[in-house]
Amino acid sequence: MKYTQGKYIILKKSAIARNMYSFEMLCPEVAQIAQPGQFVHIRVEGFTLRRPVSICEINRSKGTLRIVFEIRGEGTEKIAELREGDAMDMLAPLGHGFTINDDYKKIVLIGGGIGTPPMLPIAQHYGEKATVITGFRNASAVILQEDFAKAGAQTILCTDDGSQGIHGFVTQPLKELAESEEISAVYACGPMGMLKGITEICAEKGIYCEISLEERMACGIGACLGCACRTKKNDEEYFAHVCKEGPVFKAEEVLW
């Protein structure tokens, strides 16, 4: 796993929803090697542990990365206080990303809440081949819909309370698509319950599926063993480390 540590200038900062922020950083050496599904590990002044944030956009020509994150505690609140022109201390890119296969004809991307941002680089790669299903608590939490549309992807929006889009969960549109179309692969990131439901649908329909797990991380490089999850390979159970062997896994490998 190749990664670098450095301080990178924040070029753009914007609030895109309640307690949700988008940062664009200038980091050419990271942008050259970053892959969809990987993450950055941010050092927060005054805190011992870094904070992991998924990569939301990779622009190799501009040498930039974009991250989108939600304030969930004191650490991410401190990150949100950074301004354009400030330097952000990052380890990046980290983890194992999604498998990209240009032979795929029809792709379904599924993001739940803050699991939505890592779907954008994949949508930008596949363009019109992609259908993006996203789920949020309510209309005030909805993000990145225009970005997915700009990438050429079809978008399907769900909210828990029906305040925007479909009233319900992301699994329902997935079931309908799986019944009506031939899907090459499904990629997903979000809460564990959502990922388990998606995995079951894909297993039933024989659809290849990769999922990105959300897990608390300390070191981010597989040294502290703090983010282990139960998985299996060749019918043998073992504990994989989400930060290094993930966060992306073949759905069939994860033990729920």
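Mentor: Thr171, Leu174, Lys175, Ala178 and Glu179 of helix H5 are in contact with Gly197, Ile198, Ile201 and Lys205 of helix H6, where contact means heavy atoms within 4.5 Å. By class, this contact has four nonpolar, two polar and three charged residues; Ala, Val, Leu, Ile, Met, Phe, Trp, Tyr, Cys and Pro count as nonpolar, Asp, Glu, Lys and Arg as charged, and the others, Gly among them, as polar. Helices (H or I, at least four residues) and strands (E, at least two) are DSSP runs, numbered from the N terminus.

Please keep in mind that this is a predicted model, in which local features need pLDDT of at least 70 and side-chain atom pairs count only at pLDDT 80 or more, whereas totals for chains, interfaces and linings use all residues. Residues are numbered from 1 along each chain as its sequence is written, and side-chain values use heavy atoms, with hydrogens and water left out.

Two packed helices are described by the angle between their axes and the distance between the axes. The axes of H5 and H6 come within 10 Å and cross at roughly 10°. Axes are lines fitted to C-alpha atoms, for helices over the stretch in contact, and angles run from 0 to 180 degrees between N-to-C directions. H5 and H6 are therefore roughly parallel to each other; angles under 35 degrees count as roughly parallel, over 145 as roughly antiparallel, 65 to 115 as roughly perpendicular and the rest as oblique.

Now consider H5 by itself. In this helix, which spans residues 171-180, Thr171, Pro173, Leu174, Leu177 and Ala178 are buried. Seen down the axis of H5, these buried residues fall within an arc of 160°, so they line one face of the helix; the arc is that of the directions from the helix axis to the C-beta atoms. An α-helix has 3.6 residues a turn, so residues three or four places apart point the same way. On the other side of H5, Glu179 and Ser180 are exposed. Buried means under 20% relative accessible area, exposed over 50%, and partly exposed in between (1.4 Å probe, protein chains only).

What, then, covers the buried residues of H5? The cover includes strands S7 (107-112), S8 (130-136), S9 (154-159), S10 (166-167) and S11 (185-189), together with helix H6 (192-205).

These strands lead us to the sheet. Seven strands form an open sheet with mixed pairing, in the order S10-S9-S8-S7-S11-S12-S15. Two strands pair if DSSP finds at least two bridges between them. S10 and strand S15 (248-250) are the edge strands, each pairing on one side only. H5 packs on this sheet and touches S7, S8, S9, S10 and S11, and its direction makes about 155° with that of S8. H6 lies across S7, S11 and S12 and runs at about 170° to S11. Within the sheet, S11 pairs with strand S12 (residues 208-212) in the parallel sense over five bridges, and Ala188 stands opposite Ile211 in S12.

Ser163 is found in the loop between S9 and S10. With a relative accessible area of 40%, Ser163 is partly exposed. Not counting residues up to four places away in sequence, Ser163 touches Asn138 and Ala139. Leu144 lies in the loop between S8 and helix H4 (145-150), and is buried, with a relative accessible area of 7%.

Most residues other than glycine have a negative phi, and most peptide bonds are trans. Leu144, although not a glycine, has a positive phi of about 70°. As for the peptide bonds, a cis bond joins Gly246 and Pro247, with omega of about 5°. Pro247 belongs to the loop between strand S14 (236-241) and S15, and S15 is one of the edge strands named above.

To return to your request, the picture of H5 has two sides: buried residues line one face of the helix, while Glu179 and Ser180 on the other side are exposed.
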